[in-house]
Amino acid sequence: MAFHVFMREGVDAAIFEVGVGGEVDSTNVIPQPSVTGITTLGIDHVATLGDTIDKIAWHKAGIFKTGSPAFTVPQVPSAMEVLYQRAKEKGINLITIAAYPALFDIGLKPVEDFQRINASLAIRLSLSLLDKLGVQVDLGLETLPKQFTQGLENIVWRGRCETLTTEKQIWHLDGAHTEESLKLASSWFGRVSKSQSILSRDTTRVLIFNQQSTRDAEALLRTVHSEIYNNCNLSFQYALFCTNVTYKGNAYKVDLVNRNIDPKKLENLSLQRRLAKLWHQLDPKTETAELASIEEAIEYAKEIVCDVDKTMILVTGSFHLVGGALSVLEGESFALQKATTQ
């Protein structure tokens, strides 16, 4: 469908992001793309790509094509070795991109190191494409063209290091769903919530977590705990585990329906109970709750009152959760679809 629409509209350039991996991904049918790029790799989709970073790197490098420029960002050594080997097999020169110094002086959002790396890769991919289109760009390390700066500053990336403030709460939302990204999201929450707190140690902190897929939800939850408790030296007073159902009454926002989940598992809250049990083992002092919808988790969190400060809430674990939370918090009026048990 995407290929059809782009060709029908006669676009000058089309950007395709692979869904899973690269080598056998459905988007990997372009014989010679204008340019290819690989962002920071992590452990994900292990059933399809393998359970080690080098196996995953092999699949990701499947998008490399002979005659097409290829770029990546710094990776762990084992992944980088595989990427370079795969590039060599295709007869291409893989270039590793460092962060552009100019990105430290613009209003990039979120203001995080990983976003500077992402933006730097995007800049190099754009330059390569523009060169093929015959557009010359004067780019230095310390300055960016006005068009690049405007594009980077005006980009809206919902659900990544995003904060929303309500009367008694500050909501921190990040759709991280791998160990690597959850470390970054938890570190961001720890740092930002400290700076937002009047009395950091006494501030009430709440975790709302969901990961309703084939990923190892327990391992991901341990990652959040380790980063917050060990590296940020903070703790959660409440941990809420909900399903990925958006609203009470078993109703989804239509574009957040996940058809890969067994409805019966959602109905009996089996995963949520398991995660709550695990968290109680990690921190017996935390009050935990299992909830049937994102809306109920939001309502539960709103009832928590912090006497000395706004309640700091981290919503993370999946984009289905974060997307649903944004819909509930912002009161978006979209068509709903009833979840059914089969």
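Modeller: Gladly! Two strands count as paired if DSSP finds at least two bridges between them. Keep in mind that this is a predicted model. Here, strand β6 (residues 205-209) pairs with β10 in the parallel sense, over five bridges.

Colleague: Which residue of β10 is the bridge partner of leucine 207?

Modeller: Leucine 314 of β10 is the partner of leucine 207. On β5 (residues 169-174), six bridges link the strand to β10, again running parallel. Aspartate 174 is found opposite threonine 316 of β10.

Colleague: And what is the strand order of the whole open sheet?

Modeller: Six strands make up the open sheet, in the order β4-β5-β10-β6-β7-β9, and the pairing is mixed. The edges are β4 (162-165) and β9 (287-291); each has a single partner strand, so one side of each lacks a neighbour in the sheet. On average, neighbouring strands are turned by 20° against each other, ignoring direction.

Colleague: How many bridges join β6 to β7?

Modeller: Four bridges join β6 to β7 (residues 238-242), and the two run parallel. One of the partner pairs is phenylalanine 209 with phenylalanine 241 of β7. Helix α11 (residues 294-302) packs on this sheet, where it touches β5, β6, β7, β9 and β10, and its direction makes about 165° with that of β7.

Colleague: Are the faces of β10 covered or open?

Modeller: For this, buried means under 20% relative accessible area. Six of the six residues of β10 (residues 311-316) are buried. On one side those are Thr311, Ile313 and Val315, and on the other Met312, Leu314 and Thr316, so by that cut-off both faces are covered.

Colleague: Now the helices: at what angle do α8 and α10 pack?

Modeller: Helix α8 (residues 217-231) packs against helix α10 (residues 270-282) at about 35°, with the axes 10 Å apart. Their crossing is right-handed. Contact residues include Leu221, His225 and Tyr229 of α8, and Leu275, Leu278 and Trp279 of α10. By type, the contact of α8 with α10 divides into eight nonpolar, one polar and three charged residues.

Colleague: Last topic, the cysteines. How many disulfides are there?

Modeller: A disulfide is a covalent bond between the sulfur atoms of two cysteines. With a cut-off of 2.5 Å between the sulfur atoms, the count here is zero.

Colleague: Why do cysteine 232 and cysteine 242 count as buried?

Modeller: Cysteine 232 counts as buried because its relative accessibility is 7%, and cysteine 242 because its value is 0%.

Note on methods:
Residues are numbered from 1 along each chain as its sequence is written. This is a predicted model: local features need pLDDT of at least 70, side-chain atom pairs count only at pLDDT 80 or more; totals for chains, interfaces and linings use all residues. Side-chain values use heavy atoms; hydrogens and water are left out. Buried means under 20% relative accessible area, exposed over 50%, partly exposed in between (1.4 Å probe, protein chains only). Axes are lines fitted to C-alpha atoms, for helices over the stretch in contact, and angles run from 0 to 180 degrees between N-to-C directions. Contact means heavy atoms within 4.5 Å. A crossing is left-handed if the near helix is turned anticlockwise from the far one by less than a right angle, and right-handed if clockwise. Ala, Val, Leu, Ile, Met, Phe, Trp, Tyr, Cys and Pro count as nonpolar, Asp, Glu, Lys and Arg as charged, and the others, Gly among them, as polar.
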